[in-house]
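Q: I want a close look at one part here. Please keep it brisk and give me the cut-offs as you go.

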Amino acid sequence: MIGTESRRGHEGAVRTDDARTDDTPSAGATYTAAVTTTVLAEAMSAEAAAIAETVSAEAAASGLGAEMVRLMRLFAAWTQRAGFECGAADRVLLARLVTCGRRRATDLAGDVFLDLSTVSRQVRSLVDRGLVERHPDPEDRRGSLLSATEAGRTAYRSAVRRREAELTRLLEPWPAEDRALLTRLLKRLNDDLVDSTYTSLGTGQHPVGEARQGDLHA
């Protein structure tokens, strides 16, 4: 009797499964599909992690360096098409003067990690265009202080607005997390470059309380 009932139960189960439509997966099939999906996802994650571990700092530097050069070239071409009055180097000096106020040329050169002769040529160009002006230095009669003129401040603000508008247009389709990640990692790279530059100049890390070169818009 027990054997007969077991066979009947088994036959009933078979008939029940046979009665399912092709569009209705069995519990066993659903479980198998779920397990398969999980295994594949874990395998793909493991593969991605393994690939990430094999990318050395040297290989990453090669790819990043190429993309940085490409970015600078594309940005320079865009600023030229946009008709900015200042070149990249000029904008850095003008940004510093707009943000920090009057500076000596020697301090300005230190701010932007350039030699004094290079900064002097760029400042002369900014002065000739009416974007920067000189003032007597009360502490040194032989020297002068530099400051941005109203035209210089206007040119700076205009450049920042146009740049941000263009970047907004480019980043609009990006997911929010990608935009945040890009900004965070680029800031980290810039901060490390600043610290590395101060170290290579023999001055240690950047002075506490002073803005990093690059913290300010340029």
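How are H3 and H7 oriented to each other?

A: H3 and H7 are oblique to each other. This is a predicted model, in which local features need pLDDT of at least 70 and side-chain atom pairs count only at pLDDT 80 or more, while totals for chains, interfaces and linings use all residues. Residues are numbered from 1 along each chain as its sequence is written, and side-chain values use heavy atoms, with hydrogens and water left out.

Now the geometry. H3 covers residues 57-82. H3 packs against H7 at an angle of about 120°, and their axes are 12 Å apart. (Axes are lines fitted to C-alpha atoms, for helices over the stretch in contact; angles run from 0 to 180 degrees between N-to-C directions.) Under 35 degrees is roughly parallel, over 145 roughly antiparallel, 65 to 115 roughly perpendicular, and the rest oblique. H3 and H7 are therefore in the oblique class. On the H3 side, the contact uses Phe75, Trp78 and Ala82. On the H7 side, it uses Arg162, Arg163 and Glu166. Contact means heavy atoms within 4.5 Å. By class, the H3 and H7 contact has three nonpolar, no polar and three charged residues. (Ala, Val, Leu, Ile, Met, Phe, Trp, Tyr, Cys and Pro are nonpolar; Asp, Glu, Lys and Arg are charged; the others, Gly among them, are polar.)

H7, residues 150-171, also meets H4. The H4 and H7 axes come within 10 Å and cross at roughly 110°. That makes H4 roughly perpendicular to H7. From H4 come Arg91, Leu94, Ala95, Val98 and Thr99. From H7 come Gly152, Arg153, Tyr156 and Ala159. This contact of H4 with H7 holds five nonpolar, two polar and two charged residues.

H4, residues 88-100, has a further partner in H6. The angle between H4 and H6 is about 85°, with the axes 10 Å apart. H4 and H6 are therefore roughly perpendicular too. Ala89, Asp90 and Leu93 of H4 face a set in H6: Val119, Gln122, Val123, Ser125 and Leu126. The H4 and H6 contact counts five nonpolar, two polar and one charged residues.

H6 leads on to the sheet. H6, residues 116-128, lies across S2 and S3 and runs at about 110° to S2. Helices (H or I, at least four residues) and strands (E, at least two) are DSSP runs, numbered from the N terminus.

The sheet is open and has three strands, in the order S1-S3-S2, with antiparallel pairing. S1 (103-104) and S2 (132-137) stand at the edges with a single partner strand each, so one side of each has no neighbour in the sheet. Two strands pair if DSSP finds at least two bridges between them. S1 and S3 pair over two bridges. Here arginine 104 stands opposite leucine 145 of S3. S2 and S3, the latter spanning residues 140-148, pair over six bridges. In that pairing, arginine 134 is opposite leucine 146, and proline 136 is opposite serine 144. A hairpin of two residues joins S2 to S3.

Last, the confidence. pLDDT is the predictor's confidence in each residue, from 0 to 100. The chain has a mean pLDDT of 76, and 65% of its residues reach 70 or more. Where pLDDT is low, the predicted coordinates should not be read in detail.
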